[in-house]
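Opened the notebook to look at the ligand site and the pocket around it. Notes below, in the order I looked things up.

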Amino acid sequence: MNKNSPTLVGITGGIGSGKTTVTRIFSILGIPVYSADDRAKWLMQNDAQLQTKIKDAFGDESYLPNGSLNRDFLAKTVFADPEKVKRINSLVHPAVGSDFSDWASNHTSPYVLKEAALIFETGSNGSLDFVINVSSPLKVRLARTLMRDPFRSEEQVHQIINQQLPDEQKNEMADFVIKNTDNKLLIPQVLKIHEKLISLN
Ligand code: ATP
């Protein structure tokens, strides 16, 4: 590990597991956070090379005449087809990967966090030093997601869950697991991992 650059730490977890909630605690501790999902949306809208690749793959209709991403078109034609989802991910994930490397190299903190719903699923754990999985039971995740996102149906949440690796598998692959259940305090678990990661530098 190059000690001049921050340790690269991924934080993942299934939908509604509490990634964003846990990440906020790290952020309060002064750790820079890169939101891969937000940044992916930004890059699809603003990275000219990525835009060209998306148009080549799915047609010029992928963008509206004013240059903004044609979300309705993509939702109907790409996100409804698992093979096309794989294809768009294969364009977007490498762009996010190199954008994250550039971002991380501009930080001097002992470690930085990359928050992403899919890390093991996309293989991006290969370019991270450690991965934290935020783990909570399916029933709890479902209830929290439906409460947070009233616009989603239970079926839609299950569809998203089915695109993600099972929690047990991610727990085995992760270097650290944070259990986000109703009877476990988050802050002590975050502090323990924070101290460990700080001690590496
Ligand atoms: P997504 O993958 O959909 O972005 P996420 O993993 O980032 O989800 P959060 O948005 O952090 O999950 O949490 C889901 C919902 O559950 C939020 O409304 C959050 O406030 C709530 N929540 C998270 N952790 C807890 C907790 N320990 N106790 C009560 N509510 C919680």
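Entry 1, ligand shell. I'm working from a predicted model here.

I went through the ligand's oxygen atoms next. One of them is 2.7 Å from a side-chain N or O atom of Thr20. On the backbone side, an N or O atom of Gly18 lies 3.0 Å from a ligand oxygen, and for Gly16 the corresponding distance is 3.1 Å. I then looked at burial: the ligand taken alone exposes 630 Å², and the protein buries 69% of that.

Which pocket holds the ligand? I find the ligand in the largest one, and I get a volume of about 2000 Å³ for that pocket. It has 49 lining residues, and the closest to the pocket centre are Asp37, Ala117, Leu118, Ile160 and Gln163.

I listed the elements that give two or more residues to it: α1, α2 (36-46), α4 (71-77), α5 (82-105), β3 (111-115), α6 and α7 (154-162). The largest share is from α5, with 10 residues. By class I noted 20 nonpolar, 16 polar and 13 charged residues in the lining of this pocket.

Methods. Residues are numbered from 1 along each chain as its sequence is written. This is a predicted model: local features need pLDDT of at least 70, side-chain atom pairs count only at pLDDT 80 or more; totals for chains, interfaces and linings use all residues. Side-chain values use heavy atoms; hydrogens and water are left out. A polar contact is a pair of N or O atoms within 3.5 Å; within protein, one must be able to donate a hydrogen and the other to accept it, and residues adjacent in sequence count only if both atoms are side-chain atoms. Accessible areas come from the Shrake-Rupley method with a 1.4 Å probe; for residues, only the protein chains shown count as cover. On a 1 Å grid over the protein atoms alone, a cavity is a set of points where a 1.4 Å probe fits but cannot get out, and a pocket is an open set with protein on both sides within 12 Å along at least five of seven lines; lining residues have an atom within 4 Å of a point. A molecule sits in a cavity or pocket if more than half of its atoms lie within 2 Å of its grid points. Grid points are joined across faces, edges and corners, and a volume is the space filled by probe spheres set on the points. Helices (H or I, at least four residues) and strands (E, at least two) are DSSP runs, numbered from the N terminus. Ala, Val, Leu, Ile, Met, Phe, Trp, Tyr, Cys and Pro count as nonpolar, Asp, Glu, Lys and Arg as charged, and the others, Gly among them, as polar.
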